[in-house]
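Have the viewer open while you read.

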Amino acid sequence: MGPSPQWIGQMPELPPPQSGSLRVVVSTDNDKGLEAPVSFRFARAPYLTVVDIDNGKVVNVQSISNSLASGMRGVGVGVGQWIISIGAKAVVAPHLGPNIQMVLKQANIITYIVPYGIKVIDALKRVGLVS
(Lines give C-alpha, C1' and ligand atoms only; values in the text may rest on other atoms or scores of the structure.)
Protein backbone atom coordinates (compact mmCIF):
# COMPACT_ATOMS: atom_id res chain seq x y z
CA MET A 1 0.00 0.00 0.00
CA GLY A 2 3.01 2.35 0.13
CA PRO A 3 3.87 4.92 2.75
CA SER A 4 1.48 5.30 5.63
CA PRO A 5 -0.29 8.52 6.58
CA GLN A 6 2.92 9.93 8.11
CA TRP A 7 3.30 11.56 4.68
CA ILE A 8 -0.04 13.27 4.98
CA GLY A 9 0.94 14.78 8.32
CA GLN A 10 3.61 16.84 6.55
CA MET A 11 1.01 18.51 4.32
CA PRO A 12 -1.93 20.58 5.60
CA GLU A 13 -5.34 19.06 6.02
CA LEU A 14 -7.99 20.85 3.99
CA PRO A 15 -11.74 20.75 4.47
CA PRO A 16 -13.50 18.85 1.69
CA PRO A 17 -14.75 20.82 -1.31
CA GLN A 18 -18.32 22.11 -1.17
CA SER A 19 -20.95 19.70 -2.43
CA GLY A 20 -21.08 19.82 -6.22
CA SER A 21 -17.62 21.40 -6.55
CA LEU A 22 -14.72 19.75 -8.36
CA ARG A 23 -11.38 19.99 -6.53
CA VAL A 24 -8.35 20.14 -8.83
CA VAL A 25 -4.65 20.16 -7.86
CA VAL A 26 -2.15 21.93 -10.13
CA SER A 27 1.64 21.77 -9.71
CA THR A 28 3.01 25.33 -9.63
CA ASP A 29 6.30 27.20 -9.34
CA ASN A 30 5.03 29.84 -6.90
CA ASP A 31 2.14 30.76 -4.59
CA LYS A 32 0.35 33.22 -6.89
CA GLY A 33 -2.85 31.15 -7.16
CA LEU A 34 -4.52 31.33 -10.56
CA GLU A 35 -1.65 33.47 -11.91
CA ALA A 36 1.05 30.95 -10.91
CA PRO A 37 2.93 29.18 -13.71
CA VAL A 38 2.40 25.43 -14.01
CA SER A 39 5.56 23.67 -12.83
CA PHE A 40 7.43 21.18 -15.02
CA ARG A 41 7.45 18.74 -12.09
CA PHE A 42 4.39 17.51 -10.25
CA ALA A 43 5.14 15.73 -6.97
CA ARG A 44 8.35 17.74 -6.49
CA ALA A 45 6.87 21.09 -7.54
CA PRO A 46 7.51 23.88 -5.01
CA TYR A 47 3.77 24.53 -4.64
CA LEU A 48 0.52 22.67 -5.20
CA THR A 49 -2.36 24.97 -6.06
CA VAL A 50 -5.76 23.63 -5.01
CA VAL A 51 -8.67 24.98 -7.04
CA ASP A 52 -12.35 24.30 -6.35
CA ILE A 53 -14.58 24.71 -9.41
CA ASP A 54 -18.39 24.87 -9.50
CA ASN A 55 -20.24 25.04 -12.84
CA GLY A 56 -17.16 26.25 -14.71
CA LYS A 57 -16.37 28.98 -12.16
CA VAL A 58 -13.51 29.08 -9.66
CA VAL A 59 -14.96 29.27 -6.14
CA ASN A 60 -11.81 28.74 -4.03
CA VAL A 61 -8.03 28.81 -4.57
CA GLN A 62 -5.26 27.85 -2.13
CA SER A 63 -1.55 27.69 -2.84
CA ILE A 64 0.11 25.11 -0.60
CA SER A 65 3.87 24.95 -0.07
CA ASN A 66 4.89 21.40 -0.99
CA SER A 67 6.75 20.21 2.10
CA LEU A 68 7.18 16.77 0.50
CA ALA A 69 9.11 18.07 -2.54
CA SER A 70 12.55 17.56 -1.03
CA GLY A 71 11.91 14.01 0.20
CA MET A 72 14.43 11.33 -0.71
CA ARG A 73 12.01 8.63 -1.89
CA GLY A 74 8.31 8.01 -2.27
CA VAL A 75 7.41 11.64 -2.93
CA GLY A 76 4.94 10.73 -5.69
CA VAL A 77 3.11 8.27 -3.46
CA GLY A 78 3.01 10.77 -0.58
CA VAL A 79 1.69 13.62 -2.71
CA GLY A 80 -0.81 11.25 -4.33
CA GLN A 81 -2.12 10.16 -0.93
CA TRP A 82 -2.43 13.82 0.14
CA ILE A 83 -4.38 14.62 -3.05
CA ILE A 84 -6.79 11.79 -2.27
CA SER A 85 -7.11 12.91 1.38
CA ILE A 86 -8.19 16.45 0.44
CA GLY A 87 -10.96 15.23 -1.86
CA ALA A 88 -9.43 16.20 -5.20
CA LYS A 89 -10.86 14.47 -8.27
CA ALA A 90 -8.44 15.80 -10.91
CA VAL A 91 -4.86 16.99 -11.35
CA VAL A 92 -3.36 19.28 -13.97
CA ALA A 93 0.32 18.88 -14.87
CA PRO A 94 2.73 18.65 -17.81
CA HIS A 95 4.14 15.33 -16.59
CA LEU A 96 3.55 12.75 -13.86
CA GLY A 97 6.04 10.20 -12.58
CA PRO A 98 5.11 6.50 -12.52
CA ASN A 99 4.47 6.31 -8.75
CA ILE A 100 1.99 9.16 -8.58
CA GLN A 101 0.36 7.96 -11.81
CA MET A 102 -0.29 4.60 -10.18
CA VAL A 103 -1.73 6.14 -6.98
CA LEU A 104 -4.00 8.55 -8.87
CA LYS A 105 -5.19 5.89 -11.32
CA GLN A 106 -6.12 3.54 -8.45
CA ALA A 107 -8.17 6.38 -6.91
CA ASN A 108 -9.87 7.22 -10.24
CA ILE A 109 -8.43 10.74 -10.23
CA ILE A 110 -8.45 12.32 -13.69
CA THR A 111 -5.18 13.65 -15.10
CA TYR A 112 -5.09 16.60 -17.50
CA ILE A 113 -1.82 17.20 -19.33
CA VAL A 114 -0.89 20.82 -20.11
CA PRO A 115 2.34 22.59 -21.11
CA TYR A 116 4.49 23.84 -18.25
CA GLY A 117 4.90 27.57 -17.74
CA ILE A 118 1.32 28.59 -18.57
CA LYS A 119 -0.79 30.22 -15.85
CA VAL A 120 -3.08 28.01 -13.77
CA ILE A 121 -6.18 29.84 -14.99
CA ASP A 122 -5.12 29.32 -18.62
CA ALA A 123 -4.44 25.63 -17.97
CA LEU A 124 -7.91 25.19 -16.44
CA LYS A 125 -9.51 26.93 -19.43
CA ARG A 126 -7.41 24.90 -21.86
CA VAL A 127 -8.70 21.57 -20.50
CA GLY A 128 -12.29 22.85 -20.29
CA LEU A 129 -12.68 22.93 -16.50
CA VAL A 130 -13.22 26.70 -16.34
CA SER A 131 -15.24 28.76 -18.79
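This is a predicted model: local features need pLDDT of at least 70, side-chain atom pairs count only at pLDDT 80 or more; totals for chains, interfaces and linings use all residues.

Residues are numbered from 1 along each chain as its sequence is written, and side-chain values use heavy atoms, with hydrogens and water left out.

**The overall fold**

The protein chain has 3 helices and 5 strands, and along the sequence they come in the order β-β-β-α-β-α-β-α. Helices (H or I, at least four residues) and strands (E, at least two) are DSSP runs, numbered from the N terminus. With a radius of gyration of 13 Å, close to the 14 Å that the globule rule gives for 131 residues, the protein chain is as compact as a globular protein of that length. That radius is taken over C-alpha atoms, and the globule rule is 2.2 Å times the number of residues to the power 0.38. The C-alpha trace spans about 35 × 30 × 25 Å along its principal axes.

How much of the chain is buried? Buried residues make up 44% of the 131 residues. Here buried means under 20% relative accessible area, exposed over 50%, and partly exposed in between (1.4 Å probe, protein chains only). As for contacts (heavy atoms within 4.5 Å), 56% of those with a separation of 6 or more are between residues 24 or more positions apart.

**Helix α1 and its neighbours**

α1 (75-85) is mostly covered, with 9 of its 11 residues buried. Among them are V75, G76, W82 and I83. What do these buried residues pack against? Their partners are β1, β2, β3, β4 (90-93) and α2. After α1 comes G87, with a positive phi near 85°.

I100 sits in helix α2 and is buried, at a relative accessible area of 2%. Leaving out residues up to four places away in sequence, I100 touches F42, A43, G76, V79, G80 and I83. N66, in the loop between β3 and α1, is also buried, at 6%.

V59 belongs to strand β3 (residues 57-65). Beyond four places in sequence, V59 touches S21, D52, I53 and D54. V59 and L22 are 37 residues apart in sequence, with 9.8 Å between their C-alpha atoms.

Two asparagines have positive phi. For N55 the angle is near 50°, and for N108 it is about 60°. N55 is in the loop between β2 and β3, while N108 is in the loop between α2 and β5.

| Residue | Relative accessibility | Class |
|---|---|---|
| V59 | 47% | partly exposed |
| F40 | 47% | partly exposed |
| Y116 | 54% | exposed |
| N108 | 68% | exposed |
| N55 | 74% | exposed |

**The aromatic pair**

The structure holds 1 aromatic pair. The ring centres of F40 and Y116 are 5.2 Å apart and the planes lie at 80°, so the pair is edge-to-face. Rings of Phe, Tyr and Trp (its six-membered ring) pair if their centres lie within 6.5 Å; planes under 30 degrees apart count as stacked, over 60 as edge-to-face and the rest as tilted. The pair links distant parts of the chain: F40 is in the loop between β1 (22-28) and β2 (47-54), and Y116 is in the loop between β5 (110-113) and α3 (120-126), 76 residues apart.

**The largest pocket**

The largest pocket holds about 220 Å³ of space. Of the 13 residues that line it, A43, R44, V75, G76 and G97 are the closest to its centre. α1 and α2 (98-106) are the elements that give two or more residues to the lining, and α2 gives the most, with 3.

On a 1 Å grid over the protein atoms alone, a pocket is an open set of points where a 1.4 Å probe fits, with protein on both sides within 12 Å along at least five of seven lines; lining residues have an atom within 4 Å of a point. Grid points are joined across faces, edges and corners, and a volume is the space filled by probe spheres set on the points.
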